[in-house]
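Hi there,

Here is the structure I promised to pass on to you. Have a look at it first, and my notes follow below.

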Amino acid sequence: MKEDPGLRRDNFDRERFLERLALMHRIRAFEEEAIAGQKEGLVLGAIHPSIGQEAVAAGVCGNLETADLMLSTHRGHGHTLAKGADALAMMRELFGREGGTCGGKGGSMHIADFGVGMLGANGVVGANIPIATGAAHALKLQGSRQIVTCIFGDGAVNRGPFMEGLNWARVFDLPVLFVCEDNNFSATTRTRDMTGGAGAGARAESLGIDTAEVDGNDLIAVDAAARVAIEAVRAGQGPRFLTCHTYRMTGHTSVDPAAYRPAQEVEEWRGNDPIARLEVALRMAGIEEAQLTDLHRTEAAAMADIARTARETDWPEAVGAFTDVQDVGDPRERAY
Amino acid sequence: MTNSTYLEAGRRAVIEEMERDPSVWALGEDLGRGGVFGQYKGLQDMFGAGRIADTPISEACIMGAAVGAAMTGTRPIVEMRFSDFALCAIDELVNQAAKARFMFGGQMRVPLVVREPVGMWRSSAAQHSQSLESWYTHIPGLVVVAPATPADNLGLLKSAIRCDDPVVYMEHKNLWALEGELPEGEHIVPLGKADIAREGRDATLVTWSGMRQGCLKAAETLSAEGIEAEVIDLRTLWPWDRDTVMASVEKTGRLVVVHEAVAVSGFGAEIAASVAEALHFRLKAPVARLGAPRIPIAYAPTMEDEARVSPQRIVAAVRKTVQPAEVS
Ligand SMILES: Cc1ncc(C[n+]2csc(CCOP(=O)(O)OP(=O)(O)O)c2C)c(N)n1
Ligand SMILES: [Mg+2]
């Protein structure tokens, strides 16, 4: 485990990092409950867990204001919770129940909570890059001080919309932070094997966007890098790009055994758990073991309650299949 | 009344709506110099480069950015230049714009208009001539509009800009120079309402976009023979004006659907099937549909014309329904 001498600095913000630790526990507990729920048949569709990647969500979104906008990916539970979405509504969405974030119409891959500035996960890799860019374009037209953060995976950098969106954000100097959550894999494929040149950051640089790269399993490092980038974006300096190197501890989906990854590599990353690393830092900063244990227990227990409540919630009315489609040509009037 | 071209009517619609609503803006390639056909001429001077935005040649991002901007309190007019290029932005339109409101449980809407000029025009060949409206009618979430006259291009484009749903707005390139009367003052044409372009008792011609002209021409020829064809211009393809079409076919007992697009899986098939289902026992002749053969559109006029539905073909089809051949 890496030791950063910087952690011993007197200005180490314990409250801030305890809060982030709680958030990371919440994200992990959410996904552990979701995986358990899937085994029981409660989660209906595919889920893409982000276990092992929680520091990216907590470190980046922890620096956003509620009014700021954020767009995520198919692997978006962590980002969404970190942006402030309600865990019970999210669990209900995964279970396809009434009161789900999207009323049971979307499921895991389409979670959105516009009330907290979460403009959607997306089932199409890379699709949120132009959408985030457009949201930032609108904010600029409106003279808003809000910013947009767009998180995507390393696989997305090989899609055309990545280039189109980044170029656009630079051309129009838009208030958007692009975050590449690089977990080394695009489904079952090692992204490096399918990527020409030096990859995500270099591509952003080539388009004139300032770029930073960070150990994505080090919450303190992600937090610091995100803060700097977000301040620059908010100050009107145009787009920024941040690559966070991380690793998912599960398969691509919760049912993928991930046999394509060498066991030793997985073990190495297991020893690099972002939650354990932040706990080490907090212990070094004088936080008692009991407080850390307590914090973990509290979050896990709260999430178990949430899962229990979610499973007891009713199914949505079938008529919902016809609502929220369109006003002109509303299928409730005519669907044939 | 003032005289105006179809192109100028569209331009007026954009100006009026941008003046009325500061959240309306337009984005696309070359808009600063008026757009490829001049539909935006002078607009950047009037509204500034922020609201008449020149963009990179990035169709996916033009459409995707419009989706994000529509979710963020603005009403973008997306200029795709040619409907053929909108195919570079199909994910953004079909998976994103059309689905977002539903997928996210009605938390927001995506009020945008995609202007994508369609149709055959000046030997433009296979990648600049297509009419793909039926693709979009197939997609829940989208409204599909295809104006055929200057007045409709004014009134429908204004309605499309005010609509809270994503609207695919297909102007016909061959109609840009078409002249017609525009009413003074505010002129709004409601979405989903057809126009009875000509009344008649003997047969119903259902059409839209560039084929309205051909149908009216055919109707004149037929009238000289004593056959009175009713010409219905649908104007909006989804939702299409079923009541007007059904009422007309109940009256005439005969239906010929005419469109420029390839006949196979064209939107005419939908109308023909709907009428056949609803009015089978009222029909005096089998329904007919006219569209292009399933061939790419060629460059040389001799070959290009093979893809055209001529007034002669329309006349022949109506004659055939009015005087069905004896079954031997
Ligand atoms: C356009 C598109 N192509 C393929 C897929 C199938 N798919 C879903 S996730 C995924 C891998 C994405 O990898 P990455 O962007 O690195 O995100 P990660 O899953 O690693 O978080 C693929 C190929 C998709 N959803 N969208
Ligand atoms: Mg990846």
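Buried area is the accessible area, taken with a 1.4 Å probe, that two parts lose on being put together, summed over both. In this predicted model, chain A and chain B bury about 3500 Å² between them, and 64% of that is on carbon and sulfur atoms. On the chain A side, A:Phe114, A:Trp168 and A:Arg334 supply 19% of the area buried against chain B, more than any other three residues.

The contact draws on 42 residues from chain A and 45 residues from chain B. Between the two chains there are 16 residue pairs in polar contact and two salt bridges. B:Arg109 forms a salt bridge with A:Asp327, with the closest N and O atoms 2.4 Å apart. Helix H5 (128-142) and helix H6 (160-171) of chain A each supply at least two residues of the side that touches chain B. The largest share of that side, nine residues, comes from H5(A). By class, this side of chain A has 21 nonpolar, 15 polar and six charged residues.

Now to the ligand. Ligand 1 has 15 residues around it, and A:His74, A:Arg75, A:Gly155, A:Asn183 and A:Phe185 come nearest. The shell divides into five nonpolar, seven polar and three charged residues. A polar backbone atom of A:Gly155 is 2.8 Å from an oxygen atom of ligand 1, while A:Asn183 places a polar side-chain atom 2.9 Å from an oxygen atom of the ligand. A backbone N or O atom of A:Val125 lies 3.1 Å from a nitrogen atom of ligand 1. The protein covers 72% of the 570 Å² of accessible area that ligand 1 has on its own.

Best wishes

Note on methods:
Residues numbered from 1 in each chain as written. Chains lettered and ligands numbered in written order. Predicted model: local features only at pLDDT ≥ 70, side-chain atom pairs only at ≥ 80, totals over all residues. Heavy atoms only, no water. Near = heavy atom within 4 Å. Polar contact = N/O pair within 3.5 Å; in protein donor to acceptor, adjacent residues only side chain to side chain. Areas by Shrake-Rupley, 256 points an atom, 1.4 Å probe, with all protein chains shown as cover. Nonpolar A, V, L, I, M, F, W, Y, C, P; charged D, E, K, R; others polar. Contact = heavy atoms within 4.5 Å. Salt bridge = Lys/Arg side-chain N within 4 Å of Asp/Glu carboxyl O. Helix = DSSP H or I, 4+ residues; strand = E, 2+ residues; numbered from the N terminus.
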